[in-house]
Amino acid sequence: GDRRSPRLDESLTCPTVCFNHTVKPSGLILTKSTLDKILDAAIIEFAQHGYAGATVEQIARTAGVNKAALYYHVGNKEALYERVLSHKLSTAADTIEGSLDQARDGRDALIRLVDGLAQHFTLRPLMPRIMVQELARGGDNLSPLILAQMARLIACSKRVSAMAAEESSVSIAPLALHISLLAPLAFHALSSHARERAAALPIAQSLDLDLSMLEWAHGRFHP
């Protein structure tokens, strides 16, 4: 049977909203390019100010859309926060689940898991900042939909842990594996600006501090 958790789809979101376009009873359509602008602006504002500090007004200004239109087509700040995080996490889970389906063995599965998580942080560099701020404040703004996508990613670590246990005597708790991978990847992403500044110092010229996330992961786990 399929070991994956339920995917994000229209049945889990507002019935008038989907990720490709938004259709309202009036027949008005919000194109994906406009929606992407709103989501991109939202992730910038949430990363910079956190959920509490971000405002719909500023998100609308950053996106270059009318505030009333943002409310009408996407919803309030809570709905927008859920839309941004659940979409990004669901995309990461889709990618990693698909990659794990192709794994030859436990070792290959671990490499694929690390690569998938590293790619997620590389392509979405503001996500670690949002998630760290949110979790540091207790995670109260994480809706069931967001938590469901987080659970899908933990389930990916569970799959890798199970494969490793089948092939060797090594037993790793899935959550422990998941956290042990996320923590250094998140720190690496969050420290990028500081590492760039440090790398520019004369004393640090000999240090290889400007590795990309994927290169860092390959250097740690690949032969």
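User: Which residues of H7 are buried?

Analyst: In this predicted model, the buried residues of H7 are Leu145, Ile146, Gln149, Arg152, Leu153, Cys156, Ser157, Arg159, Val160, Ser161 and Met163, where buried means under 20% relative accessible area, exposed over 50% and partly exposed in between, with a 1.4 Å probe and protein chains only. Residues are numbered from 1 along each chain as its sequence is written. Local features need pLDDT of at least 70, side-chain atom pairs count only at pLDDT 80 or more, totals for chains, interfaces and linings use all residues, and side-chain values use heavy atoms, with hydrogens and water left out.

User: And what do they pack against?

Analyst: They pack against helix H4 (77-100), helix H5 (106-123) and helix H8 (174-190), with contact taken as heavy atoms within 4.5 Å; helices are DSSP runs of H or I with at least four residues, numbered from the N terminus.

User: Switching to H8, is Ile179 buried or partly exposed?

Analyst: Ile179, which lies in helix H8, has a relative accessible area of 48%, so it is partly exposed.

User: Now the aromatics: how many pairs turn up?

Analyst: A search of the whole structure finds three aromatic pairs, counted when ring centres of Phe, Tyr or Trp (its six-membered ring) lie within 6.5 Å, with planes under 30 degrees apart called stacked, over 60 edge-to-face and the rest tilted. Phe46 and Tyr81 have ring centres 4.8 Å apart and planes at 80 degrees, so this pair is edge-to-face.

User: Where do those two sit?

Analyst: Phe46 is in helix H1 (residues 32-53) and Tyr81 in helix H4, so the pair ties together parts 35 residues apart in sequence; both residues are buried, and together with Tyr51 they form one aromatic cluster.
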